[in-house]
Amino acid sequence: KVRRKYTLEELDRWKTFVLNTTLQFDGFYQPEENNLHKWIWSNSSSSIKIKNYLSNRQYIKLKMKIYTGYLDDSNLIVELNGLKKMYKINSEGLEIIMDIQLESGENIIKLSTDAEKINAPNDLRELYFRIEELKLESI
């Protein structure tokens, strides 16, 4: 079934990516899920560290949907290897798609927001935004 959906070249790129890359999430809480969705909550600042163990570059596509707890717009700054981009996020969600050139070694995607903390009286976590449908694809 997998071979029908992907070409051999795509499978080879994905295999190279999986075998030579690690991910580390900082500033996030444990992933959560229900019958329909999977998500991960973040502090106001967090990062995704992607380690490329190859001596050459890899190219990936990062897809994610980001939500705050409020209808009012907030700013989300995404920084990767010195480049910054600002997005407007709210409770309706925003899909972000990024083509990323992974350098050899550690690559850090930094996320920070000025969103208001989620009002969850019985939850001691510092919740500011959540990411749903996080996907990495080798390109």
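This is a predicted model: local features need pLDDT of at least 70, side-chain atom pairs count only at pLDDT 80 or more; totals for chains, interfaces and linings use all residues.

Biologist: How many salt bridges does a search of the whole structure find?

Modeller: The search turns up nine salt bridges. Lys49 and Asp26 form one of them, at 3.2 Å from N to O.

Biologist: Why is the contact of Lys49 and Asp26 called a salt bridge?

Modeller: The cut-off is 4 Å between a side-chain nitrogen of Lys or Arg and a carboxyl oxygen of Asp or Glu. Lys49 and Asp26 sit at 3.2 Å, N to O, so the pair counts. As background, side chains of opposite charge can pair when their charged atoms come close.

Biologist: Where in the chain are Lys49 and Asp26?

Modeller: Lys49 is in strand β3 (residues 38-52) and Asp26 is in strand β1 (residues 21-28). They are 23 residues apart, and the pair links distant parts of the chain.

Biologist: What makes Lys49 partly exposed?

Modeller: Buried means under 20% relative accessible area and exposed means over 50%. Lys49 has 22%, so it falls in between. Asp26 has 26%, so it is partly exposed too.

Biologist: How do you know that Glu103 and Arg57 form a salt bridge?

Modeller: Their closest N and O atoms are 3.1 Å apart, and the limit is 4 Å, so they qualify. Glu103 lies in the loop between β7 (94-102) and β8 (105-113), while Arg57 is in the loop between β3 and β4 (58-67). That puts them 46 residues apart.

Biologist: What makes Lys65 and Glu133 a salt bridge?

Modeller: The closest N and O atoms are 3.6 Å apart, so the pair is within 4 Å. Lys65 belongs to strand β4 and Glu133 to strand β9 (residues 129-138), 68 residues apart.

Biologist: Which residues are linked in a network of salt bridges?

Modeller: Those are Glu32, Asp123 and Arg125.

Biologist: And the patch: which residues form a nonpolar patch on the surface?

Modeller: Leu23, Phe25 and Leu134 do, with about 220 Å² of accessible area together.

Key:
Residues are numbered from 1 along each chain as its sequence is written. Side-chain values use heavy atoms; hydrogens and water are left out. Helices (H or I, at least four residues) and strands (E, at least two) are DSSP runs, numbered from the N terminus. Buried means under 20% relative accessible area, exposed over 50%, partly exposed in between (1.4 Å probe, protein chains only). Patches are made of residues with over 30% relative accessible area and no salt bridge: like charges are joined within 9 Å, nonpolar side chains (Val, Leu, Ile, Met, Phe, Trp, Tyr) within 5 Å. Accessible areas come from the Shrake-Rupley method with a 1.4 Å probe; for residues, only the protein chains shown count as cover.
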